[in-house]
Amino acid sequence: MTPAIDIAGLTAGYGGAPVLRDLTVSVPEGEIAAVLGPNGAGKTTLLRCITGRCRASAGAVRLFGSPAARLSAPQRARTVAVVPQEVETPMAFTVEEIVTIGRSAALSRWRPPAKRDRAIVAQSMNSADVYAMRGRPYAELSGGEKQRVVIAMALAQQPRIILLDEATSHLDMNHRLDIMELIARLNREHKVTVVMVSHDINLAAAFCRRVVLLDGGRLAAQGLPSDVLTPDTLQAVYRCNVRVRTDPEDGSLTVTPARRTTQGA
Amino acid sequence: MKRRLALLALIVLLTPCVLALCLALGASGVGFPDIRTPAGAAVFDLRLNRILAGFAIGAALSCAGVVLQALLRNPLAEPYVLGVSSGSGLGAALAILTGAAAHGPAAIPVAAFVTGALTLAVVYALAYAGGRLSIYSLILSGVIVSSVCSSLLMFMVSIAPVEGLHNVIWWLLGNLQVESGPVFAVCAGIMTAGMAGIWLLSPELNALCLGSEMAHNVGVRAGAALAAGLLLATLTTSAAVGMAGLIGFVGLIVPHAVRALVGADHRLLVPAAAFAGGMFLAVCDAAARTVLAPQEIPVGVVTSLLGGPFFLAILYRRRRTGWIA
């Protein structure tokens, strides 16, 4: 079966030294995967290569077999959607208008949104549980509500892949869990492939079946959370001492950094 | 949504009534001119001409303001933000002071259009870095080029003979009495085409309000849409400036006011801004020629005097529905 995301020998960056070097990663359809790594490891650049925003200088990114860079804008919108850390706009859009922006590539510039587009928008708002607030100004919502609206906007694209770029990092633990349960449900019910970039290793371990660990633009490790998230691997990549505990009751992994103790102190 | 559509319809239906009312106001007195007499017919023609010019220019400047506020994601953006005002001011001053203006009524508008467009070309060229247009360098180079042009303009005004000075200043304050028929026709054509283009760009403008990265992610060709929007705003603005000089404030306040009424969706916002901006300028001009009749006030003075307090009131009351402030 063709993998949802197939990255082979990818080297990419922004003009200067490449951020990603010779990276080979593949994510099967229906997977829920985490991309972890220290700041500057190339996690966001990897996502931008998947959306075609950042061009590869060597290697290729294929989405369901087609080169990502060669997808037309509407094809791209139907294939991959992004939920970033936050979406801000100075304009007073309502929730429904923001979600409708997710249909941008499908809308006709000559006609108002068709019945089908409006139905998809309503359905997306329902799935992300924001239908009740559809008339409210987006700017007035709380951080957690805004992220659910952005997820609804992503769903309105009807994508086969959703990329989360630190989508929960400024939310409290309850809302973090909320958003991740929602993503896990979408993954289960709609078979959407999910790739999430995160600094929250514990959250990634709890929700992802596969972990890709980046270090300095190269692949450090990939596989099951229990195989990748070991003290040795994490210490080598994050350059600090970590403790990894397995909960005796539910088997969940907890990674905590250990304090640096200076000698003689 | 229904309420906003109704408000748009109201603005559109109000337009002919307001324009007809403006027809009854003028320096020669209040009341509809009697078109059966030659004098009355001449007054009627004169007023109609000005009202149509005012409507077209108000509409064009408002639409250009809508586009630039969306593309630059900046509430202070207006049609002159990228230097078109001082650039075309320079051209108009050159035409007047070199005596080119004496050769025909089209000389000043053409000179203003050409130098305005040239200024924008320079601003864009400066803002390109690594094959990409950066919003921040666009605003920055706009400010810098604009102040260089202003200095040159001030220099030219300072050495101008007295008779030319009056013309330059009158032009800088805006003048809706368009003396050349062909200039009127060409500028109106450019502005209409530009506004239609802006309206057709609505889905992209909505997406670009979330930033070009998000616009790309929802399947908009962000770079192309940005370039198209800037080009359309430039065309409509330079045509408006070439036709009637610098009329400030319309392109800044009308988009804000209209956004408070019909919301931020450009599908409704663009037509609403066009009609409301056209009405606003026609009314300002009617006031300009009536209040101190037979003395005429420059229309730019009226737009600022009327627009300023109006803008503040809206900002104060509707802060949350218009912009996050």
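Between chain A and chain B of this predicted model, 12 residue pairs are in polar contact, both partners having pLDDT 80 or more. The elements of chain A that each give two or more residues to the side touching chain B are helix H2 (73-79), strand E6 (80-83) and helix H3 (95-101), and H2(A) supplies the largest share of that side, with 4 residues. The residues on this side of chain A divide into 19 nonpolar, 8 polar and 8 charged.

**Extent of the interface**

- The contact draws 35 residues from chain A and 32 residues from chain B, and the two chains bury about 3,000 Å² between them, with 58% of that area on carbon and sulfur atoms.
- Within chain A, the residues that lose the most area to chain B are A:Arg53, A:Met91 and A:Arg109, which together account for 25% of what that side buries.

**Salt bridges**

- The count of salt bridges between chain A and chain B is 4.
- A salt bridge joins A:Glu97 to B:Arg4, where the closest N and O atoms lie 3.0 Å apart.

**The sheet of chain A**

- In chain A, 4 strands form an open, antiparallel sheet in the order E2-E1-E4-E5, and its edges are strand E2 (20-27) and strand E5 (66-67), each of which pairs on one side only.
- Strand E1 (residues 5-12) of chain A pairs with E2(A) in the antiparallel sense over 5 bridges, and A:Ala12 stands opposite A:Leu20 in E2(A).
- Helix H1 (residues 43-50) of chain A packs on this sheet, where it touches E1, E2 and strand E4 (56-63), and its direction makes about 115 degrees with that of E1(A).

Technical notes
Residues are numbered from 1 along each chain as its sequence is written. Chains are lettered from A and ligands numbered from 1 in the order in which they are written. This is a predicted model: local features need pLDDT of at least 70, side-chain atom pairs count only at pLDDT 80 or more; totals for chains, interfaces and linings use all residues. Side-chain values use heavy atoms; hydrogens and water are left out. Contact means heavy atoms within 4.5 Å. Buried area is the accessible area (1.4 Å probe) that two parts lose on being put together, summed over both. A salt bridge is a side-chain nitrogen of Lys or Arg within 4 Å of a carboxyl oxygen of Asp or Glu. A polar contact is a pair of N or O atoms within 3.5 Å; within protein, one must be able to donate a hydrogen and the other to accept it, and residues adjacent in sequence count only if both atoms are side-chain atoms. Ala, Val, Leu, Ile, Met, Phe, Trp, Tyr, Cys and Pro count as nonpolar, Asp, Glu, Lys and Arg as charged, and the others, Gly among them, as polar. Two strands pair if DSSP finds at least two bridges between them. Axes are lines fitted to C-alpha atoms, for helices over the stretch in contact, and angles run from 0 to 180 degrees between N-to-C directions.
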